[in-house]
Amino acid sequence: MPTALDILAVLLILANLRLLGSSRLAACIRAVALQAVILGAAALLVNLSDLDVRVVIIAVASTGLKAGALPWLLRRAIRESGAVNEIEPFIGFTASLLVGVGLLGLCFLIGSPLSAHVAAESGLLITVSLFTTATGLLVIVSRRKAVTQVLGYLAMENGIYAFGMAFAIQEPLLVEMGVLLDVFVAVFVMGITIYNISREFDHIDTDRLSALRD
Amino acid sequence: MLWLLLLIPTGAGLLSMTLRRQARLRRWLLLMAAAAHAALTASAWVVRPEAVLYGWLGLDPVSLLFLSITSGLFLATSVYAAGYLRREPPRKTDFQEGLLFTDAPEARFVGCLLLFLATMTLVAVSRHLGLLWVGVEATTLASAPLIYFHRHHRSLEATWKYLLICSVGIALALQGNFFLAVAAKGTPEVHLTIEHLMASSRQLDPLWLKAAFLLLLVGYGTKMGLAPMHTWLPDAHSEAPSVVSALLSGALLNCAFLGILRVHALLGAAGLGDFSGQLLIGLGLVSMAVAAVFIIEQADFKRMLAYSSVEHMGILSLGAGLGGLAGLGSMLHMVNHSFAKAMLFLLAGNILAAYRTKSTRQVRGLLQALPLTGPLWVAGFLAIAGSPPFGLFVSELIILKGALQGGHVLIAAAYLLILGIIFVAMARSVLQMAYGVPEGAAPESTRVQEAWAVLPPMALGALVLALGVYMPAWLQEALSGAAQAAGVR
């Protein structure tokens, strides 16, 4: 189903741009949750010919966690901290979008020879997976709010997950569950830390965490 | 038996989280679990346990070496931790800013400590690179609450940096694992077990393999504290309780190093050893140089020790990159550094408790004020700076000899120069702390003279001294076996 996969890949690009261009934290959370849903659908599509219980369980579990549980946790965190908008990021929203488009071009440059090099499910998906990871990194380094940085981390993980899917890397169940668990626990621990930061400092701006330096 | 190694600390950790009231029982549980883990590890030297879980968990010579360091260190620190927790008041004022703060619940602290041991054990015994990744990520998550034990804003800041920087690093390492899997697509079966990859190393795609190594080096290198990805390390080490700093420096950094070694061995088998070796040498030298810059004029003695860890991780990476004799030296150096650094961090905890400051300038007259901790602190400094007769002298010399044997004269010169600078810079701070007259009120020395606070660092110091003067044949064999299995020999 290359066309359907390509459509999903395009949707993923749009979700990334939404994440880069939006100042509202709630919209960013939705964009990352949308990524997770797209990836869940793509995971089922890739394995449509030999769909077994294992694939379905992994896809449903990861979509449930990343599109349901984690957004819920992060929404709670922003409610606690009272932060609504990402204010004055280091790279502005329009500039972020422009950088994002530049990154997309770069990923096409890198991605097409890669997909020619090794047989893959969908050439576009490789490019987009790299783009998603790059978007995540960009969000982590260019935003001030702790919540947005966690969203960037989640986007990075989504990109890596998409990369594994594009190359149809079949990791054994145990490892997949381990990875999933790690992502979940990582965001859970980060969520608790954000809660503590907002209680201790009355803000969640990580650039103002600067007591420790040399 | 491998299962027991994993399940004992996990079970004890979960159990101690539920023991909210029974503080005494909880501390005994910590000690018993640490002792049981150490005993099991010791027995593995006699009878090598069978691999389990389709060969994903197994003990090769490298695993055994890493596991033994972790287990021995944990035993020593758990004694210190049990005493520390007994004496630490739950509410106190922060000596740096005078704020009132509380500690995290002790049940959670002890539980996370034991889970931390379980996750480090998982890293050591993993024979599957995916599982190893899971283990390394899990160590971050188990140790983050430990850094935020003293609940004040500086430790919270350190915890956040640690979590975010290491998680991003680990995410890059996951991408690296996927690259490895792509590199293995040409082989009949894609498995990330070390046996399978090593057996089919010649069929792996070299381009993807190199890219995978880069990502894994950056990812695990972040966790290991190699410069320039080391920025979380001084903050986390200075703000965590000293027990935790000792475990982070002595055991956790090694675990990340193991991840890098596994892939380095794979590249070596695939005929790309020069590529990965040169990267390791480069990062090693950069780490040493960066550490030297920050150790000079360092005003906080816990940060000084943290930067010294960056330096020694650089030495390990350099030795592994050079290979040959230097690779063997790197294995020995890892053992020495773990014990010496843990000793120093535990002593730093004693000094901190007595003087209530982390500033090197405000601590004076250590030898006089703390007659046991003081001399040990000076001895620990001599050990970590690589003076004879301590073990680090021997291992640093072996690495130097390895570099010269390989004809790397410039690298050897840079290595010696940086070691010299760090020796002088640390000597200045440490000796000033040791001599002189204590200023102002006499430090509260009673507490730190107790057995739990002095015996563990003393035992660790004795080990480092013993390794410097006498190397038993079985240990030599084990080290060279480990170096061979890690592909650095």
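## Two helices of chain A

In this predicted model, helix H2 (residues 25–46) of chain A and helix H3 (residues 53–81) of chain A cross at roughly 175 degrees, and their axes come within 9 Å. Angles over 145 degrees count as roughly antiparallel, so H2(A) is roughly antiparallel to H3(A).

On the side of H2(A), the contact is made by Leu25(A), Ile29(A), Ala33(A), Ala36(A), Val37(A), Gly40(A), Ala43(A) and Leu44(A). H3(A) contributes Val55(A), Ala59(A), Ser62(A), Thr63(A), Lys66(A), Ala67(A), Pro71(A), Leu74(A), Arg75(A) and Ile78(A). Sorted by class, the contact of H2(A) with H3(A) has 13 nonpolar, three polar and two charged residues.

## Where the chains meet

How many residues does each chain bring to the contact between chain A and chain B? Chain B gives 29 residues and chain A gives 32 residues. On the side of chain B that touches chain A, helix H5 (129–147), helix H6 (153–183) and helix H9 (232–239) of chain B each supply at least two residues.

H6(B) provides the largest share of that side, with 17 residues. By class, the side of chain B that touches chain A divides into 19 nonpolar, five polar and five charged residues.

## Chain B as a whole

Chain B has 19 helices and two strands. Its radius of gyration is 21 Å, close to the 23 Å that the globule rule gives for 489 residues, so chain B is as compact as a globular protein of that length. The C-alpha trace of chain B spans about 70 × 55 × 40 Å along its principal axes.

Of the 489 residues of chain B, 62% count as buried. Contacts in chain B can also be sorted by how far apart the partners are in sequence. Among contacts between residues at least 6 apart, 81% join residues at least 24 apart.

Helix H3 (residues 61–87) of chain B packs against helix H4 (residues 106–125) of chain B at an angle of about 170 degrees, and the two axes are 9 Å apart. H3(B) and H4(B) are therefore roughly antiparallel to each other.

Which residues of H3(B) and H4(B) make the contact? From H3(B) they are Ser63(B), Phe66(B), Leu67(B), Thr70(B), Phe74(B), Ala81(B) and Leu85(B). From H4(B) they are Glu106(B), Leu113(B), Leu117(B), Met120(B), Thr121(B), Ala124(B) and Val125(B). By class, the contact of H3(B) with H4(B) has ten nonpolar residues, three polar and one charged.

## Backbone details in the loops of chain B

The bond from Ala227(B) to Pro228(B) is cis, with omega near 5 degrees, and Pro228(B) is found in the loop between helix H8 (206–224) and H9 of chain B. The bond from Pro388(B) to Pro389(B) is also cis, with omega near 5 degrees. Pro389(B) has its place in the loop between helix H15 (373–384) and helix H16 (391–405) of chain B.

The loop between H2 and H3 of chain B contains Leu53(B) and Tyr54(B). Leu53(B) has a positive phi of about 55 degrees although it is not a glycine. Phi of Tyr54(B) is near 50 degrees, again a positive value in a residue other than glycine. Tyr54(B) has 12 C-beta neighbours inside 10 Å and so counts as exposed.

## One residue of helix H2 in chain B

Ala39(B) is found in helix H2 (residues 23–46) of chain B. With 13 other C-beta atoms within 10 Å, Ala39(B) is partly exposed. Trp377(B) is 338 residues apart from Ala39(B) along the chain, and the C-alpha atoms of the two are separated by 29 Å.

## Confidence of the prediction

The model scores ipTM 0.90 and pTM 0.93. Chain B averages a pLDDT of 90, and 98% of its residues score at least 70.

Among the elements of chain B, helix H12 (residues 301–322) has the highest mean pLDDT, 95. Strand E1 (residues 91–93) of chain B has the lowest, 76. Where pLDDT is low, the predicted coordinates should not be read in detail.

Definitions and conventions
Residues are numbered from 1 along each chain as its sequence is written. Chains are lettered from A and ligands numbered from 1 in the order in which they are written. This is a predicted model: local features need pLDDT of at least 70, side-chain atom pairs count only at pLDDT 80 or more; totals for chains, interfaces and linings use all residues. Axes are lines fitted to C-alpha atoms, for helices over the stretch in contact, and angles run from 0 to 180 degrees between N-to-C directions. Helices (H or I, at least four residues) and strands (E, at least two) are DSSP runs, numbered from the N terminus. Angles under 35 degrees count as roughly parallel, over 145 as roughly antiparallel, 65 to 115 as roughly perpendicular and the rest as oblique. Two residues are in contact if their C-beta atoms, placed from the backbone, lie within 7 Å. Ala, Val, Leu, Ile, Met, Phe, Trp, Tyr, Cys and Pro count as nonpolar, Asp, Glu, Lys and Arg as charged, and the others, Gly among them, as polar. A residue is buried if 20 or more other C-beta atoms lie within 10 Å of its own, exposed if 12 or fewer, and partly exposed in between; C-beta atoms are placed from the backbone. The radius of gyration is taken over C-alpha atoms; the globule rule is 2.2 Å times the number of residues to the power 0.38. pLDDT is the predictor's confidence in each residue, from 0 to 100.
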